[in-house]
Amino acid sequence: MSFQSFLSIRFALLILLVLLVSACGGGSNTPPVSEFDSGERLRFSQASYSLSMYETEKVEPASIVITSTGTNSANWTATVEADEPWLELSQTQGETTESTTIEMRVKTLPIGKYHADIVFVYNDEASEERIPVTLTVESAILPGEEVLLE
């Protein structure tokens, strides 16, 4: 056997070893990508919302801007957890290719503090994001202020 044949066999074995290691995950601790993980992620304009209002006024709708960070569109659904009737969404499902804006509408409520989570599910239910919303309803009459009744 010539020296060149020996090197060719050795090179072929090295290539075979590299292919085997690659096929077995290369010794990496990184888990394989699941078939349902499209790599799409959603970003939201805010991580949480804190709204306030007086008991007699209506709150202007607050906007949530949803942006897709990947190259493909991301289908999503949004629900208000615990079905809080004071918080409504203008849109509860959609497909975001670049950005989408939905509005939160708040109903008039008695004085108090209210909390709800908006839950966004996307990537075929593989990913979930929660956005907490707090609403504080205050008295329209300031302490010490006189009210004239007719």
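**Entry 1: ground rules**

I number residues from 1 along each chain as its sequence is written. The model is predicted, so local features need pLDDT of at least 70, side-chain atom pairs count only at pLDDT 80 or more, and totals for chains, interfaces and linings use all residues, while side-chain values use heavy atoms, with hydrogens and water left out.

**Entry 2: the sheet**

I started with the strands, which are DSSP runs of E with at least two residues, numbered from the N terminus. I count two strands as paired if DSSP finds at least two bridges between them.

Which order do the strands of the open sheet follow? I read β2-β9-β8-β4-β6, 5 strands with mixed pairing. At the edges I found β2 (49-54) and β6 (93-96); each has a single partner strand, so one side of each lacks a neighbour in the sheet.

**Entry 3: strand by strand**

I went through the pairs next. β2 and β9 (residues 127-138) run parallel and are joined by 6 bridges; here I found Leu51 opposite Leu135 in β9. β4 (residues 74-80) and β8 (residues 112-122) run antiparallel, with 5 bridges, and Val80 stands opposite Ile118 in β8.

How many bridges join β8 to β9? I noted 11, and these two strands run antiparallel. Phe120 has Glu129 in β9 as its bridge partner. β8 and β9 also form a hairpin with 4 residues between them, and Asn123 in the turn has a positive phi of about 55°.

**Entry 4: the core**

Then I turned to the nonpolar side chains. A nonpolar core here is a set of buried Ala, Val, Leu, Ile, Met, Phe, Trp, Tyr and Cys residues joined through side-chain atoms within 4.5 Å. Buried means under 20% relative accessible area, exposed means over 50%, and partly exposed lies in between (1.4 Å probe, protein chains only).

The largest core has 29 residues, and Ile64, Trp86, Leu87, Met104, Ile118, Phe120 and Leu135 touch the most other members. I listed the strands that each supply at least two residues of this core, among them β1 (42-44), β3 (62-68), β5 (87-89) and β7 (99-106). Which strand gives the most? I found β8, with 5 residues. In general, nonpolar side chains of soluble globular proteins tend to be buried together.

Leaving out residues up to four places away in sequence, Leu87 touches Val80, Met104, Arg105, Val106, Ala116, Ile118 and Val133.

My last search was for salt bridges (a side-chain nitrogen of Lys or Arg within 4 Å of a carboxyl oxygen of Asp or Glu). The structure holds 4 of them.

Glu81 and Arg130 meet at 2.6 Å, N to O. This pair links the loop between β4 and β5 to strand β9, 49 residues apart. Asp117 and Arg130 meet at 3.7 Å, N to O, linking strand β8 to strand β9 across 13 residues. Glu128 and Arg130 meet at 3.3 Å, N to O.

Are these residues buried or exposed? Asp117 counts as buried at 16% relative accessibility, whereas Arg130 is partly exposed at 38%. Glu81 is partly exposed at 33%, and Glu128 is partly exposed at 45%.

Definitions and conventions. Contact means heavy atoms within 4.5 Å.
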